[in-house]
Every structure is written in structure tokens, then in C-alpha cells.
Amino acid sequence: MRKEKSEMLFHEIYGSYYNVIAAVLSEAVNGTLEDRKIRKIIQEKAFDESILNIPDKLVGGNWHLLTEDYETPLMGEPKIHLTMLQKRWLKSILLDPRIKLFQPDDDGLKDLEPLFSPEMVVYYDQNRDGDPYTEPIYVENFRSVLEAIHSGQWIDISYETARGKKAHYICHPKSIEYSQKDDKFRVRISLDLDRPETDRVLNISRIIACNEIMDDRDMESCRDKSNPKLLSAGIQKRSLTLEVTDERNGLERILLHFSHLEKETKKLDSQLYRLKLVYDASDETEMLIRILSFGPKIKVIEPEDFIVKIRERLLKQQTTLTEK
């Protein structure tokens with residue numbers, strides 16, 4: 001019988017320990033290695049207990065890779081080359097339209113056959129109205145936001161709210177977030193860097209236009225045509241405290257669902273957790289719907305007015321079902 005050769009995608013040679021040793025030996029090849037630097041590399045790249053084992057094995061151990069003077073018999077820096085299987089896997093990942101938004105470098109992968117196509121991946125428990133990742137306007141706005149984050153520029157955003165109203169923001173984009181549950185990208189913006197309470201989160205798919213502000217004159221011009229109430233008033237934040245029963249990975253699903261929100265989690269016992277969420281007051285109706293979608297896995301603890309609204313919605317649903 002012919003024995004087929006198998007190849008591992010995630011081999012131990014690409015693990016943290018090998019990367020630590022490679023970093024240490026690279027310093028030795030360049031003549032810049034010392035005891036303090038060894039310990040710093042290990043602390044940054046490996047696990048805590050590694051600092052007790054790796055230095056002894058490198059110096060005077062059975063690895064014979066370093067001398068007591070921190071010199072090495074290696075003639076050049078150690079390099080780990082990708083296998084063909086790994087390159088094909090990377091090619092598959094780079095085909096994802098979400099990854100393409102970041103314009104990754106695919107040098108050396110263009111002529112390779114991917115290991116799988118995006119159509120082969122099935123996502124469970126995910127909304128079907130995800131962002132239009134390939135539409136030219138969406139791509140342009142996404143990359144404008146991303147560039148502004150990297151360059152630290154202020155931007156002028158025209159936006160359509162969930163209720164169909166037009167809004168205008170002169171803002172500083174701080175970070176981009178992705179919700180796997182909703183399959184959407186969001187950008188966290190600041191209307192005033194000295195006032196964190198003005199921060200809010202916008203769906204990138206609702207951005208109509210996005211322009212960089214190049215200088216102070218452009219800033220004043222944009223402010224003149226913007227909504228002064230929007231710029232001066234702080235975005236009202238509300239907090240919501242929940243008790244979550246962790247059955248069938250319930251906690252993981254809930255944390256994933258609310259990944260775009262500021263949160264605090266505290267373990268109460270083996271299966272019970274307390275979760276505090278911070279959200280924009282304008283999104284309260286959406287929060288009600290989302291909380292109810294998890295059924296008995298979630299119990300609202302506070303605030304009281306939110307509990308009242310939950311009860312009202314449940315009674316309304318019960319009445320509707322009874323009438324039918």
C-alpha cells in the first residue's frame with residue numbers, strides 16, 4: 001500500500017516556545033544579547049514558568065545554542081518558513097471580503113490555489129443582514145475611517161440613523177469593532193477628545209459619506225454646516241446589569257452578541273455571572289429586543305425602568321398570542 005504523506009497546518013514548531021528561542025538567538029547572532037534581554041524576551045513572548053526553564057537550557061544545558069558569554073554557533077538569524085499548506089490556508093483567509101477591507105499584502109500567494117473558499121464556511125447563530133463588504137461606497141468609507149484612525153485625523157461624516165434621519169458628525173475615529181453576531185463593522189468616534197462622554201458608536205454601513213479634515217480652516221467650515229446640538233451635547237449613556245446563566249455556552253454567546261459594547265463581567269458561582277453593559281440611550285429599544293431574544297438565560301437586575309419595559313413587552317406579546 002502506498003502511504004500518503006500528511007502535513008500538519010498547526011505544527012508545534014510554530015508555537016510560542018520556538019518563537020521565543022528564535023528571538024533570543026537572533027539577538028545573539030547580532031551580538032546584542034545579555035541576561036536582562038533574555039528575560040525580557042521570555043516574559044513578553046512566553047508563559048510565566050518559561051523563565052525558569054529556557055535560560056538554563058540555552059546556556060549550559062543540552063541544547064548547545066548559547067555559550068556562557070551569550071554567543072551562538074549559528075551563522076545567521078533563525079527563520080521559520082511557511083509550508084505550502086500554510087500558504088494555501090493564508091490564501092483562503094485573504095479571500096474573505098472582510099479581510100480585503102484592510103488591503104493585506106498577498107505577495108507570494110497570488111498564484112496559489114486556496115485551501116477552501118469563503119462559500120464553504122457556514123456561520124451559525126449569525127444575522128443575515130450583514131454589511132455589504134464589496135460595495136464600492138462601503139469599501140471607500142471603511143478605508144477612509146481606517147486611514148483616519150492610523151493618521152489621527154479628524155473626519156467629516158454624513159450618517160443615516162436607524163430611524164432614517166440624517167446626522168452630521170465632526171469627529172475623531174478611535175477604533176473599529178466587529179460584531180460576529182450581527183456581521184457588522186462599527187467605528188467608535190469621539191466628538192470631543194477632552195470629553196469621553198461624547199464618544200459613540202456608528203455602524204459603518206450607515207455612513208453616507210466620509211471626508212478627512214486637513215486643517216483648522218476645514219474644521220471650522222465643517223462645523224458651520226453641522227448640527228450644533230450634536231456637537232455640544234454629550235451622548236447619553238445608560239448601564240444595564242444582568243445575571244447570565246452559563247448553560248450550553250450561554251455566556252460566550254451573550255458576550256459575543258454584545259462584543260461592541262463596554263462591559264464588566266463577574267463570576268457569582270459555577271454557572272452564574274453578573275454582566276454590566278453600557279450603551280447609548282438612543283439604542284434602548286434595540287437593547288430590549290436583544291435581551292428578550294436570549295429568553296430565560298438572562299435576568300435583568302437593574303435599572304428598574306428597564307425591567308418595567310421588559311415586563312410590558314412580555315405582557316404585550318402574551319396578549320397578542322392569546323388574541324390569535
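Buried, in this talk, means under 20% relative accessible area, exposed means over 50%, and partly exposed is anything in between, with a 1.4 Å probe and protein chains only. Helices are DSSP runs of H or I with at least four residues, strands are runs of E with at least two, and both are numbered from the N terminus.

Hello everyone. What you see above is a predicted model, so local features need pLDDT of at least 70 and side-chain atom pairs count only at pLDDT 80 or more, while totals for chains, interfaces and linings use all residues. Residues are numbered from 1 along each chain as its sequence is written, and side-chain values use heavy atoms, with hydrogens and water left out.

Let's start with the overall picture. The protein has 11 helices and 9 strands. It has 324 residues, and 35% of them count as buried. The accessible surface, from the Shrake-Rupley method with a 1.4 Å probe and, for residues, only the protein chains shown as cover, comes to about 21,200 Å². Carbon and sulfur atoms account for 50% of that surface. Contact means heavy atoms within 4.5 Å. Taking contacts between residues at least 6 apart in sequence, 62% join residues at least 24 apart.

Now to helix α4, residues 84–94. Which of its residues are buried? They are Leu85, Gln86, Lys91, Ser92 and Leu94. These buried residues pack against α5, which spans 97–100.

Next, some backbone geometry. Most residues other than glycine have a negative phi, and most peptide bonds are trans. Tyrosine 70 is not a glycine, yet its phi is positive, about 65°. You will find tyrosine 70 in the loop between α3 (50–58) and α4, and it counts as partly exposed because its relative accessibility is 22%. Glutamine 103, also not a glycine, has a positive phi of about 50°. Its place is the loop between α5 and α6 (136–151), and at 56% relative accessibility glutamine 103 counts as exposed. Then there is a cis peptide bond, running from glutamate 302 to proline 303, with omega near 5°. Proline 303 sits in the loop between β9 (298–302) and α11 (304–323).

Is threonine 241 buried or exposed? Threonine 241 is buried, because its relative accessible area is 8%. Leaving aside neighbours within four places in sequence, threonine 241 touches Arg274, Leu275, Lys276, Lys299, Val300, Ile301 and Glu302.

Finally, charges. A salt bridge here is a side-chain nitrogen of Lys or Arg within 4 Å of a carboxyl oxygen of Asp or Glu, and by this rule the count comes to 15. One of them joins glutamate 177 to arginine 188, with the closest N and O atoms 3.0 Å apart. Glutamate 177 is in strand β2 (166–179) and arginine 188 in strand β3 (184–190), 11 residues apart. Both glutamate 177 and arginine 188 are buried.

Another pairs aspartate 182 with arginine 186, at 2.9 Å between the closest N and O atoms. Aspartate 182 counts as buried at 3% relative accessibility, and arginine 186 is buried at 6%.

Aspartate 305 lies in helix α11 and arginine 238 in strand β6, so the pair ties together parts that are 67 residues apart in sequence. Aspartate 305 is partly exposed, with a relative accessible area of 34%. Arg238 and Asp305 also belong to a network of salt bridges with Glu284 and Lys309.
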